[in-house]
Amino acid sequence: YYSDNMNGRQIFPDVIMENKKMYAQEFKCNINNLNGVGIKFSTYNIENKNGKIKIVLTDLNNNNVIFNKKVNLNNIIDNDIYYISFKEQKGVLNNTYKLELYCDEFEDNSLTYWYSNENVNYNLNDSENKEMYLIYKGYKNSYNIIWYILILQLFLYCYKICKENENEKES
């Protein structure tokens, strides 16, 4: 299940991320079980991008750092969503998270993120007040996996019965 933080608002590219700067945004999770967050970046199709960006995600309800990793810029595709994945956080609907992007190890003007500036509730350190476009990945309802398992078990049971019947007819 995927959701985003724009609620139908228009998004735009190109908040230029500068070297030696940190960008941060808080958001409320709008799904029950979260196991990933996506950030839409632009790279202007620059090949052989040098450097790394550090991505940190913290659950502000308990100050638990969920994700903390440096990402090589060559792993980021132009105008695509880069997903960070982590152990599923269960029962986190309406929890507040903080996403931080540390730009300490890359060349200026080699990376931007998509944003919306309509009805912005969050502040970025660059004082332009542009909200990052984020995608939330997880399960809206944890019961879905149980249904999938039950259906699979039912299918396997029916398959087993059919095979047993075939074997009895051959005997």
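Both F27 and Y97 are buried, where buried means under 20% relative accessible area, exposed over 50% and partly exposed in between (1.4 Å probe, protein chains only). They come back in Exercise 3.

Ground rules first. This is a predicted model, with residues numbered from 1 along each chain as its sequence is written, and side-chain values use heavy atoms, leaving out hydrogens and water. Local features need pLDDT of at least 70 and side-chain atom pairs count only at pLDDT 80 or more, while totals for chains, interfaces and linings use all residues.

**Exercise 1. Find where confidence in the protein chain is lowest and where it is highest.**

Step 1: start with the average. The mean pLDDT (the predictor's confidence in each residue, from 0 to 100) is 75 for the protein chain, and 68% of its residues reach 70 or more.

Step 2: go element by element. Strand β2 (residues 12-16) sits lowest with a mean of 51, and strand β6 (residues 64-72) is highest at 94. Helices (H or I, at least four residues) and strands (E, at least two) are DSSP runs, numbered from the N terminus.

Step 3: check residues 117-127. Here pLDDT stays under 50, and the model has 27 contacts for this stretch beyond four places in sequence; a contact means heavy atoms within 4.5 Å.

**Exercise 2. Work out the strand order of the open four-stranded sheet.**

Step 1: follow the pairing, which takes at least two DSSP bridges between two strands. The order is β3-β8-β5-β6, paired antiparallel. The edges are β3 (21-28) and β6, each pairing on one side only. From one strand to the next, the twist averages 15° (axes are lines fitted to C-alpha atoms, for helices over the stretch in contact, with angles from 0 to 180 degrees between N-to-C directions).

Step 2: zoom in on one pair. Eight bridges join β3 to the antiparallel strand β8 (residues 96-106). One of the partners to look at is L101 in β8, bridged to Y23.

**Exercise 3. Classify the one aromatic pair in the structure.**

Step 1: apply the cut-offs. Rings of Phe, Tyr and Trp (its six-membered ring) pair if their centres lie within 6.5 Å; planes under 30 degrees apart count as stacked, over 60 as edge-to-face and the rest as tilted.

Step 2: The F27 and Y97 ring centres are 5.6 Å apart and the planes meet at 20°, so the pair is stacked.
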